[in-house]
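Here are some notes to read beside the model. Each point takes one part of the fold or one residue.

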Amino acid sequence: MDILQTLLNQGKKQKFSAWQIELTTRCPLLCTMCIKEEYKIEHHRDMHINDFKKILPYLKDVENVVLEGWGESLLHKDLIECIRLVKQEGARAGFVTSGAGLTDEYAAKLISAEVDFIGFSLAGATPETHNAIRVNSDFHTLINSIKFFGKPAGKHKFFRKPAVHIDYLMLKENIDELPILIDLAEEMGIHEIILLNIIQISNSFQNRGKVFTCNNREPYKELMKKVVKRAGQLNIRLTVPNLTPCRTAVCSENPLKNIYISVEGSVSPCVYLYPPVPGQFKKIFCDKEYVAEKVSFGNIFQEPFDSIWNKKEYTDFRNCFTKKQYLPQPCMTCHKILGF
């Protein structure tokens, strides 16, 4: 892309904020809070690079492309190529990772490809807690990987390093380690932390582990004040979700500006509406159990995206938010709509 076209793209307001594209369903971890642990289904599918290329023409209207779904993107053999292809279309490219399979050599290739952003998933600020929740992950290896990106450029100084943040899933098992996490981030040279709640709750064990409540009792109020204050002192940007309900007009997944594309090409409003299970799936919402259907409005490998986006069913789904009269049925039992 020539410099003029690059500058024109930078000044253009994009139609979509983010497209989340699942490159693989494979993951070596057995995380206790993952829907895969409830259904025990074998996941070993990768998106073929030729199918990925079918998505590229639409990315000129997209600001950010998140190359991640229900699997570990580092395991996809063409991840580096996918990043380069996305950037050629003028979009920013990045992903969230457990760090599984990341070596210094692989990290150097990511930097060389000029990946724009990387989120590292932590589930504890100590080895004992993190490793117990993200089974098969190694805390020390992950910390070393994060430090690789957080430290000064060194021999990779001629390449722009990506923006790096920590994604921390808050659970009763690990929330008391948040003060440690803030200091750990500072030590690693990371200045952004996104705190997350468990949204897709698939069993009673996961439900007991959540830190938010659907009543108005404010859990962990004093702890969160302490954490926010410490982050401010260290100039760390901290994103904190609600821990008590606050119904939102449009959730943070924002289906008006974002979409999710599964490994087989299915287009869904968000990742939580298309989990890696066949057909129906169980979800626990505000301590009550429901049965949900996966939501897809078409397959981008088989039909033009415009025809999918403009289908009556998809338009009706989005109109539920724009007209603010009622929620789409699939979203009525999602914790995201309560600000969690």
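**Notes on the predicted model**

1. Strand 1 (residues 16-21) runs parallel to strand 10 (residues 258-261), with four bridges between them. Ile21 has Ile261 as its bridge partner in strand 10. In general, strands of a sheet pair through backbone hydrogen bonds, either parallel or antiparallel.

2. Helix 8 covers residues 178-188. Its buried residues are Leu178, Pro179, Leu181, Ile182, Leu184, Ala185 and Met188. What covers them? Among the elements are strand 5 (117-122), strand 7 (163-169), strand 8 (192-196) and strand 9. Helix 7 (139-150) and helix 10 also take part. Just after helix 8 comes Gly189, with a positive phi of about 80 degrees.

3. Phe212 sits in the loop between helix 9 (204-209) and helix 10 (221-233). Is Phe212 buried or exposed? Its relative accessibility is 4%, so Phe212 counts as buried. Leaving aside residues up to four places away in sequence, Phe212 touches Asn197, Ile198, Ile201, Asn242, Leu243, His335 and Phe340. Ile198 is 14 residues from Phe212 along the chain, and their C-alpha atoms are 9.0 Å apart.

4. The loop between strand 13 (288-292) and helix 11 (305-309) holds Asn299. Asn299 is buried, because its relative accessible area of 11% is under the 20% cut-off. A polar atom of the Asn299 side chain lies 2.8 Å from the backbone nitrogen of Phe301. Beyond residues up to four places away in sequence, Asn299 touches Glu264, Gly265, Ser266 and Ile308.

5. Now the cysteines. The count is one disulfide. Cys214 and Cys286 form it, with sulfur atoms 2.0 Å apart. The pair links distant parts of the chain, 72 residues apart. Cys214 is in the loop between helix 9 and helix 10, and Cys286 is in the loop between strand 12 (281-285) and strand 13. The torsion about the S-S bond is about -80 degrees, so this disulfide is left-handed. Cys214 is partly exposed, at 26% relative accessible area.

6. Cys246 is partly exposed, with a relative accessible area of 42%. Cys270 is in no disulfide either; its nearest cysteine sulfur, in Cys334, is 6.0 Å away. Cys270 is buried, at 10% relative accessible area.

Key. Residues are numbered from 1 along each chain as its sequence is written. This is a predicted model: local features need pLDDT of at least 70, side-chain atom pairs count only at pLDDT 80 or more; totals for chains, interfaces and linings use all residues. Side-chain values use heavy atoms; hydrogens and water are left out. Two strands pair if DSSP finds at least two bridges between them. Helices (H or I, at least four residues) and strands (E, at least two) are DSSP runs, numbered from the N terminus. Buried means under 20% relative accessible area, exposed over 50%, partly exposed in between (1.4 Å probe, protein chains only). Contact means heavy atoms within 4.5 Å. A polar contact is a pair of N or O atoms within 3.5 Å; within protein, one must be able to donate a hydrogen and the other to accept it, and residues adjacent in sequence count only if both atoms are side-chain atoms. A disulfide is a pair of cysteine sulfur atoms within 2.5 Å.
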